[in-house]
Amino acid sequence: MDNLIPVILGMAAVTYGPRLIPFILMSNREIPKRVDAFLKCIPMAAIGALIIPGVFSATPDMPMAALSGMAFTMIFGLWKGGIIIPVLGSVAVTYLVLLSAS
Amino acid sequence: MINWMTKEVQDAFKAGLPIFIGYMPAAIAFGILSKGCGITLLECFLFSAVVFAGASQFIALNLLMTGMGPGGIILTTLLVNFRHFLMSAYLSTRIAKVAKKYLFLIAFGVTDEVFSVLSLNRGRFSKTFVIILQLSAYSAWVGGTIAGYVMGGFLPEILSKSMGVALYALLLAILLPEIKTSVKALILTIASGLLNTILIKLDILPNGWTIIVCILIIALAGSFFIATEVQEERCG
C-alpha cells in the first residue's frame, strides 16, 4: 500500500468509537443489580480469554519457552506478589529457554 | 510544587509503573516488526499514537503483509477491538462522576491492561488516578514503539522474540491476587480461557469475536450462578 496513513486513521476511529460510546451512554446512571453483577464478572472473563489460548503461541517456534516464562510469573506472583518482577522475570526465563534451545 | 504529589498521585504512579514496564518490551517488539514490514517511522509512530491497541496493531501488520486492502484491515480492527466496548461499559459505572471532556480522554486509554488494573482495584477511582495510569501506559507504548523501530536492529533476535510473552505475563500478574483469594474468580477465568480455545478450534467466528463471545457468555453465567458470592468476597 502506498499511503498507510488513511488506514491507520480508520483503525483509530473504529477503535476509539467502541471505547467511547459506553461512557457517553452510561456514565452517571444508576445500574440495575442484575447488570451490575454481569459487569462485575467481565474482568475475569476478559482476562481468561485474553491469555488462553494466545499464550500458547506467544513464542510460535517453541511454545514451551513462553509457558516457562508464564510459570515463573505464576509461581513468583503467588509467592511474593507484585507485577514488575513477575513480568520482567517471565521475559528473562523465556529468553533463557529459547537461548538454550538454539 | 509540593502539593500536587498527593497520596492519590503517588498511588497512580505506583499502579502505572508495572504497566509501563510490561508495555515497553511489547511495544519494542511492535517497532521492530513494523520496520521489518517496511513501513515508515511516521506510520509506525501513528499506529501506536492514535490506535493505541496492541493486539490489533500486530494483526494489522500481518494483514498488510498478506496484501489485504484498507477496508478489510479496518473491519478486522473493529472486530478485534470491540471487546473494549464491554470494558468501557464496566469502567463507566466505576469511575466517579467526572466532566464530559475527561471522559473523551479516559475512553481513549481503555486498553486490556489498564482495564484489568482498574477493574481489579477495589472501589471507585478518581479521574486523576485513571489519567495518570493511562499516561504511564501510553508513554511506554509510544516510546517503546519508536525505540523498537530505531534501535531494534541492535537487539538479539531471541531477545526480541521472548518479549512477546510480556503482555501475557502482565495480565496474569494483575489477575493473580484476585484468583488467589477467590475460587470463583479462578473458575470464571479458566472457564473463559477454555471456551475461547474451543471457539477458536471450531473456527466459526471472525478474528477477535471469540473473546467477545467468551466475555458475554462467561460473565452472564457468572452473574447468574456466582455473582453474589464474588460480590461479597470483593467487598470483604
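The following paragraphs describe a predicted model with chains A and B, beginning with chain A and ending with the contact between the chains.

Residues are numbered from 1 along each chain as its sequence is written, and chains are lettered from A, with ligands numbered from 1, in the order in which they are written. Because the model is predicted, local features are reported only at a pLDDT of at least 70 and side-chain atom pairs count only at pLDDT 80 or more, whereas totals for chains, interfaces and linings use all residues.

Confidence in chain A is expressed as pLDDT (the predictor's confidence in each residue, from 0 to 100); the mean for this chain is 91, and 96% of its residues reach 70 or more. Among the elements of chain A, the lowest mean pLDDT, 87, belongs to helix 2 of chain A, and the highest, 96, to helix 3 of chain A. Helices (H or I, at least four residues) and strands (E, at least two) are DSSP runs, numbered from the N terminus, and on this basis chain A comprises four helices and zero strands, in the order α-α-α-α from the N terminus on. With a radius of gyration of 20 Å, well over the 13 Å that the globule rule gives for 102 residues, chain A is more spread out than a compact globule; the radius is taken over C-alpha atoms, and the rule is 2.2 Å times the number of residues to the power 0.38. The C-alpha trace of chain A spans about 55 × 50 × 20 Å along its principal axes.

Of the 102 residues of chain A, 49% count as buried, a residue being buried if 20 or more other C-beta atoms lie within 10 Å of its own, exposed if 12 or fewer, and partly exposed in between, with C-beta atoms placed from the backbone. Contacts (C-beta atoms, placed from the backbone, within 7 Å) in chain A with a separation of 6 or more come to 39% from residues 24 or more positions apart. The peptide bond from A:Ile52 to A:Pro53 is cis, with omega near 0°, and A:Pro53 is placed in the loop between helix 2 (33–51) and helix 3 (63–79) of chain A.

In chain B, an automatic or database domain assignment gives domain 1 (7–163) and domain 2 (182–236), and the centres of these domains, taken over C-alpha atoms, are separated by 23 Å. Eight residues from domain 1 of chain B and eight residues from domain 2 of chain B form the contact. On the domain 1 side of this contact in chain B, helix 4 (70–81) and helix 5 (83–92) each supply at least two residues, and helix 4 of chain B gives the most, with three residues.

Two residues of chain B other than glycine have positive phi values. B:Phe52, with phi near 50°, lies in the loop between helix 2 (41–51) and helix 3 (54–66) of chain B and is buried, with 23 other C-beta atoms within 10 Å. B:Asp203, with phi near 60°, is in the loop between helix 11 (183–202) and helix 12 (209–225) of chain B and is exposed, with 7 other C-beta atoms within 10 Å.

Between the chains, 82 residues of chain B are in contact with 66 residues of chain A. Helix 10 (residues 166–181) of chain B contributes the largest share of the side of chain B that touches chain A, twelve residues.

How values were computed:
Two residues are in contact if their C-beta atoms, placed from the backbone, lie within 7 Å.
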